[in-house]
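Visitor: I would enjoy a guided look at this model, please. Could you take me through it step by step?

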Amino acid sequence: VNKITELDKINNQKTLIVMVGDHGEMLEEEENDCLAGHGLYTTAKLQNVACIFIKPESNGLKINGNIGSQIDIVPTVMDYLGIEPSVERYEQGVSLYSQELASYPIYLSSMESYALIENGYFFEFRDKNSPNVRITKLSFSDEDLKAKYENINNWNNHKEIHEKYNRVKKFFKLQEEFLNQLK
């Protein structure tokens with residue numbers, strides 16, 4: 001940081017530093033069937049990773065509990081810099097500073113499972129060959145500044161969750177058909 005501060009003074013600029021994680025690690029937690037390893041599953045907690053923006057004018061810590069994906073990094077930086085999105089540039093995602101939360105589905109995959117995040121729900125398909133799903137409701141607590149994970153065990157009467165589940169299954173079926181055509 002001292003070198004960056006020196007360069008900023010020399011060039012009369014201020015540097016924004018962005019650090020992004022890709023996924024967590026399995027450290028024998030119960031939710032990961034007590035397994036240890038790297039990149040096997042896509043549980044909600046494994047996918048909740050650090051995305052840190054160190055702004056030159058900041059003197060403290062502020063946690064943004066918005067759910068996002070790596071495609072949201074560029075729009076967030078552009079928003080910070082005051083650059084309006086342009087149709088001429090190819091951009092995806094939304095600014096994590098935006099009051100509008102991302103409503104697009106976020107697809108995830110690992111060596112053993114698939115997952116989808118949509119509107120605060122995390123759908124994890126632990127076995128790629130099975131329709132069984134683990135559903136977790138995601139939220140963020142401003143009081144203790146922590147992510148919250150609520151397992152949804154009985155979702156038979158939740159029409160919205162059934163609709164999302166059916167869309168996810170349709171997507172994975174189409175993806176499988178597409179990949180099979182490439183073979």
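Guide: Gladly! The protein chain has four helices and nine strands, where helices (H or I, at least four residues) and strands (E, at least two) are DSSP runs numbered from the N terminus. This is a predicted model, in which local features need pLDDT of at least 70 and side-chain atom pairs count only at pLDDT 80 or more, while totals for chains, interfaces and linings use all residues. Residues are numbered from 1 along each chain as its sequence is written, and side-chain values use heavy atoms, with hydrogens and water left out.

Visitor: Which element of the protein chain has the highest mean pLDDT?

Guide: pLDDT is the predictor's confidence in each residue, from 0 to 100. The protein chain has a mean of 76, and 83% of its residues reach 70 or more. Among the elements, helix H1 (residues 2-11) has the lowest mean, 68, and the highest, 85, belongs to H3.

Visitor: What share of the 183 residues is buried?

Guide: Buried means under 20% relative accessible area, exposed over 50%, and partly exposed in between (1.4 Å probe, protein chains only). By that rule, the buried share of the 183 residues is 26%.

Visitor: Which elements are included in what covers the buried residues of H3?

Guide: The buried residues of H3 are Ile 73, Pro 75, Thr 76 and Met 78. Contact means heavy atoms within 4.5 Å. The cover over these buried residues includes strand S1 (17-20) and S4.

Visitor: Is Ile 52 buried or partly exposed?

Guide: Ile 52 is found in strand S4. Because its relative accessibility is 38%, Ile 52 counts as partly exposed.

Visitor: Where is Asp 72, and is it buried or exposed?

Guide: Asp 72 sits in the loop between strand S4 (51-54) and helix H3 (73-81). Leaving aside residues up to four places away in sequence, Asp 72 touches Gly 93, Val 94, Leu 96 and Tyr 104. Since its relative accessibility is 0%, Asp 72 counts as buried.

Visitor: How many Å separate the side chain of Asp 72 from the backbone nitrogen of Val 94?

Guide: Val 94 is one of the residues that Asp 72 touches. From a polar atom of the Asp 72 side chain to the backbone nitrogen of Val 94, the distance is 2.8 Å.

Visitor: Which residue's side chain makes a polar contact with the side chain of Ser 95?

Guide: Ser 95 lies in the loop between H3 and strand S5 (106-109), and is buried because its relative accessible area is 11%. Not counting residues up to four places away in sequence, Ser 95 touches Pro 75, Thr 76 and Asp 79. A polar contact is a pair of N or O atoms within 3.5 Å; within protein, one must be able to donate a hydrogen and the other to accept it, and residues adjacent in sequence count only if both atoms are side-chain atoms. At 2.6 Å, the partner side chain is that of Asp 79.

Visitor: How many Å lie between the C-alpha atoms of Thr 43 and Ser 110?

Guide: Thr 43 is found in the loop between strand S3 (36-37) and helix H2 (44-47). Thr 43 is buried, with a relative accessible area of 4%. Thr 43 and Ser 110 are 67 residues apart along the chain, and their C-alpha atoms are separated by 10.0 Å.
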